[in-house]
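Subject: Structure handover

Hello,

Here is the structure for your files. Please load it before reading on.

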Amino acid sequence: MYALQTVGSTTSSVKDDTEVLDLDDVGNSIVEQIISNSNAVKRSGNLTSNGYQSSQTHPAIQNYERKNVDKNHTGLCFWTIFQAVGLTCVATIVCRSVVYQHGFFDVSSNRNSTSITSSQFCNWHYSLSTVGFIYLYANSIFMIKSHKSKVSLPYVMLHTFAYLVSALGLCAMYVHKETNKPEGSAFYEGHLYSVHSWAGVLAAALFTVQWLSAAATFMMPCLHSIGLPLGKMFSLYTTIVSTICLIAGVNQHAMKTLGKDYKTYSIESLILNGFGMLVIVFLFLVTYMVIKPNRN
């Protein structure tokens, strides 16, 4: 009886040890798989003499690397299209101002002095607004999305620069309006009477709120959970309102300066209409960039 108990005890003990060994084997295989996946890029298909398997022959690692490569190619393609459309918008409005609207500076006949006329202030307004509200602002959004929503110093600097350029654009339009006002007019006459001007004030207010949220999140990381969702929401709103405002302003400016030529498909009118379509395409790209989820 004692011998049977001993044998039974021994058998039970051996069974328990077998289960422990099985669990250890499973744990070791899991650890090896994690290490293999984390070092996939480092080993990248190099065969070694100590038993490491090539990533080119491992289906899981090969699929992992293929997904990373595809994601990088997609991101590079989107960035190229994004920059090409944005720079084309800037180049179009700047070239139109130089070729058809006397540029940005008025040089005297003896070249001893340089001034800015009233119409040239209008050129500054549309050019600076395109650079600040549209191109630089969108690039700041692209920067924070590419850094997985981390508010970094380069992002704050670019965002601040875009804010200053946009403010200069608004100041240029204010000076343009003031120079065309008759003497003795009230301070508010000639300002804020169109949908374009009202939308411009709204875009500036939204930009200010978004910039303040970004600056506060950068200086106080404890506000990260509040500042980032607020900034993301206002960034999309600011982009939409800025695009509407810019298109409305360019259309109003074209009908005022071109007159009947606007209806006869003149080259300048076609350039301004093409500029408006480019800004809309750029809005689509920015909207997609804002609403798409981050993939780590």
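Below are notes on a pocket, a cavity and a helix pair.

This is a predicted model: local features need pLDDT of at least 70, side-chain atom pairs count only at pLDDT 80 or more, and totals for chains, interfaces and linings use all residues. Residues are numbered from 1 along each chain as its sequence is written, and side-chain values use heavy atoms, without hydrogens and water.

Pocket. The second largest pocket (an open set of 1 Å grid points with protein on both sides within 12 Å along at least five of seven lines) has a volume of about 480 Å³. Its lining (residues with an atom within 4 Å of a point) counts 23 residues. His-125, Leu-170, Met-173, Leu-192 and Ser-197 lie nearest its centre. Helices are DSSP runs of H or I, at least four residues. The largest share of this lining, 6 residues, comes from α6.

Cavity. There is 1 cavity of 30 Å³ or more; a cavity is a set of points where a 1.4 Å probe fits but cannot get out. The largest cavity holds about 40 Å³ of space. α4, α7 and α8 each supply at least two residues of its lining. Among the lining residues are Phe-133, Tyr-137, Thr-243 and Val-286.

Helix pair. The axes of α7 and α8 (lines fitted to C-alpha atoms over the stretch in contact) come within 10 Å and cross at roughly 175 degrees. The two helices are therefore roughly antiparallel (angle over 145 degrees). Contact means heavy atoms within 4.5 Å. Leu-236 and Ile-240 of α7 are among the contact residues, as are Phe-275 and Val-279 of α8.

Best wishes

Conventions: Grid points are joined across faces, edges and corners, and a volume is the space filled by probe spheres set on the points. Axes are lines fitted to C-alpha atoms, for helices over the stretch in contact, and angles run from 0 to 180 degrees between N-to-C directions. Angles under 35 degrees count as roughly parallel, over 145 as roughly antiparallel, 65 to 115 as roughly perpendicular and the rest as oblique.
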